[in-house]
Amino acid sequence: MVRVLVGGVIGLAIAMGVARFAFTPILPAMQAATGLEADGAGLLASLNYLGYFVGALGMGLVPHGAARTAVFRLSLLLSVAITAAMGLDLGDAGQAMPVWLVLRFLSGVSSAGIFILGIAMVLDTLARQGGERFAGWLYTGVGLGIASSGLFVALFGGRLGWAGDWLALGAICAVLGLLPGLWVRDPAPQTQAAAAGTAGNAAAARVGGLSAPLLLLTLAYFLEGGGYIVSATFLVSILKTDPGTAAVGEAAWMVAGLGAIGAGVFWAAVARRTGSWWALILAHLTQAVTILLPMTGSPTVAVISALLFGGTFVGIVSQAFALGRQLSAGASAKVVGALTAAYGLGQIIGPLPAGLVVTHTGSFNAALLGAAAAVLLGALLLAAGMVIAGRRSSAGPTLAASNASPNAS
C-alpha cells in the first residue's frame, strides 16, 4: 500500500507539477526570448487544457485491469517525452507556435491519463486495504511537483535558459517516472462478496441517476477550473509585470507549491469537522479573495496570496473528488473522469479571454476580477447543493418508513 501511495504522489508530481504547471515559472523567460505574447501564452495554456479535457473524457472509459495499468504507463512515458520536447530549438514564437500547440495538447492528454487513472487506482487500492484515511496524502504530489519545478527554474533557469529548463525537467521526470510505472497498478479483482456489494452500490446510483447535488458539484468544479486557471497560468507573469512584486515572481510560485503540499491533508481535516460541502465552500471563498490579492502590489501580500492559492486549489480538487465519490456510490474512475472533464472544460475557456484582455488592456486586473467572480459563483452553487443534499438526507428515513408501512400492515 505504501509503495502504491508513494508512486501515486510521484505520478501527480510529474503530471501536474511539471508537465502542466512548469509552464508557469518558465513562461516569462519564454516570452522574453521568443517574443511570445500574452494572448499566445493563453492559447498554449488553453490547448493544454483542451488536451486534458479530451483525455478526461477518454480515461473514464478505460476498462479495469491490465488495460488501465497499461494506459497509465503509456501516459507517463508520453508526458516525460513531451516535457523534454518543449525544450527543442524551434526558433522564435511565430515559427515554434504550431509545434508548441501540438505538444501542449498532447501533454494535456497524457496528464489526464496519469491524473485520472493514477488517482483511481491508488484510491481503489487504499479502499481495499483499509487505508482510505491516507487518501489526502496522495495530493501532496501536486504541491511537491509545483514547488520543485519552481525551485529548479529559480536556481538553474538563468544558466540553462528556458529551453534547458524543459530538457532538464524532462530528464528528471524520466528517472522518477520509473517508480509510479512499476508501483501503481490496478488492484486485483475484489472477492465475490465485495464485488456483490459494489454492484449493489452501483445499482443504487443508477436508480437515482445524476442527482442534483452531484450536478451542482460538477458545475461548481467547472467554474473553479475556469477561475483558478487564470492565476495558475499567469501568476509569475502577473507579479513580474508589477515593479513592486517583480522580485518575488519565481519565489511566489514555489510558495504556491509549498501551500499545495499539505492542502489535501488540511482540507480533509476541515471536512471531518464541517463536512465536505462546507470545506469546499470555505476553500472557494478563500480562493476568490486570494486571486485578487496580487492587485495590491505588495510583495508580502503576493507571497501570502501564492501560499493560499496553492492550498486552496489542491484542497478543492481533493475534496471535490471525495464528495463526488460519496454522491456516486464510490465510482472512483467515473466520477474522477467526469469531474476532471468539467474542470478541464473550464480551464480551456479561462486562459483565452484572460490572455486577450491582458493583451488589449496591458493589465491583469480585469482577468483577475473575472476569475474571482467565477469562483464565487461556484461557492454559491455548492451552497445550493449542500441544502438540497441535506433535505434529501433528512427526508430519507421518513420516506423509507412510509414505504415500509403498507408492507408491515
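The dialogue below goes through how to read several features of this predicted model.

Visitor: What kind of model is this, and how are its residues numbered?

Guide: It is a predicted model in which local features need pLDDT of at least 70 and side-chain atom pairs count only at pLDDT 80 or more, while totals for chains, interfaces and linings use all residues. Residues are numbered from 1 along each chain as its sequence is written, and side-chain values use heavy atoms, with hydrogens and water left out.

Visitor: What is the average pLDDT of the chain?

Guide: pLDDT is the predictor's confidence in each residue, from 0 to 100. The chain averages 85, and 89% of the residues score at least 70. Where pLDDT is low, the predicted coordinates should not be read in detail.

Visitor: How many helices and strands does the chain have?

Guide: Both are DSSP runs numbered from the N terminus: helices are H or I with at least four residues, strands are E with at least two. Here there are 17 helices and 0 strands. Among contacts between residues at least 6 apart in sequence, 85% join residues at least 24 apart.

Visitor: How does the span of helix α2 read?

Guide: The expected span of a helix is 1.5 Å times one less than its number of residues. For α2 (residues 23-34), 12 residues would span 16 Å if straight, but the end C-alpha atoms are only 14 Å apart. Gly35 follows α2 and has a positive phi, near 80°.

Visitor: Which residues of α2 are buried?

Guide: Buried means under 20% relative accessible area, exposed over 50%, and partly exposed in between, with a 1.4 Å probe and protein chains only. In α2 the buried residues include Phe23, Ile26, Leu27 and Met30. The buried residues of α2 pack against α1 (2-20), α3 (38-59), α5, α7 (140-176), α10 (212-241) and α11 (249-261). In the chain, buried residues make up 53% of the 409.

Visitor: Why does Ala256 count as buried?

Guide: Ala256 counts as buried because its relative accessibility is 2%. Ala256 lies in α11 and touches Ala306 and Gly310, leaving out residues up to four places away in sequence. The C-alpha atoms of Ala256 and Ala147 are separated by 7.0 Å, although the two are 109 residues apart along the chain.

Visitor: What lines the largest cavity?

Guide: On a 1 Å grid over the protein atoms alone, a cavity is a set of points where a 1.4 Å probe fits but cannot get out; lining residues have an atom within 4 Å of a point. Grid points are joined across faces, edges and corners, and a volume is the space filled by probe spheres set on the points. The search finds 3 cavities of 30 Å³ or more, the largest with a volume of about 60 Å³. Its lining includes Met16, Phe115, Tyr228 and Phe313. By class the lining has 11 nonpolar, no polar and no charged residues; Ala, Val, Leu, Ile, Met, Phe, Trp, Tyr, Cys and Pro count as nonpolar, Asp, Glu, Lys and Arg as charged, and the others, Gly among them, as polar. Helix α14 (residues 299-327) gives the largest share, 3 residues.

How values were computed. On a 1 Å grid over the protein atoms alone, a cavity is a set of points where a 1.4 Å probe fits but cannot get out, and a pocket is an open set with protein on both sides within 12 Å along at least five of seven lines; lining residues have an atom within 4 Å of a point. Contact means heavy atoms within 4.5 Å.
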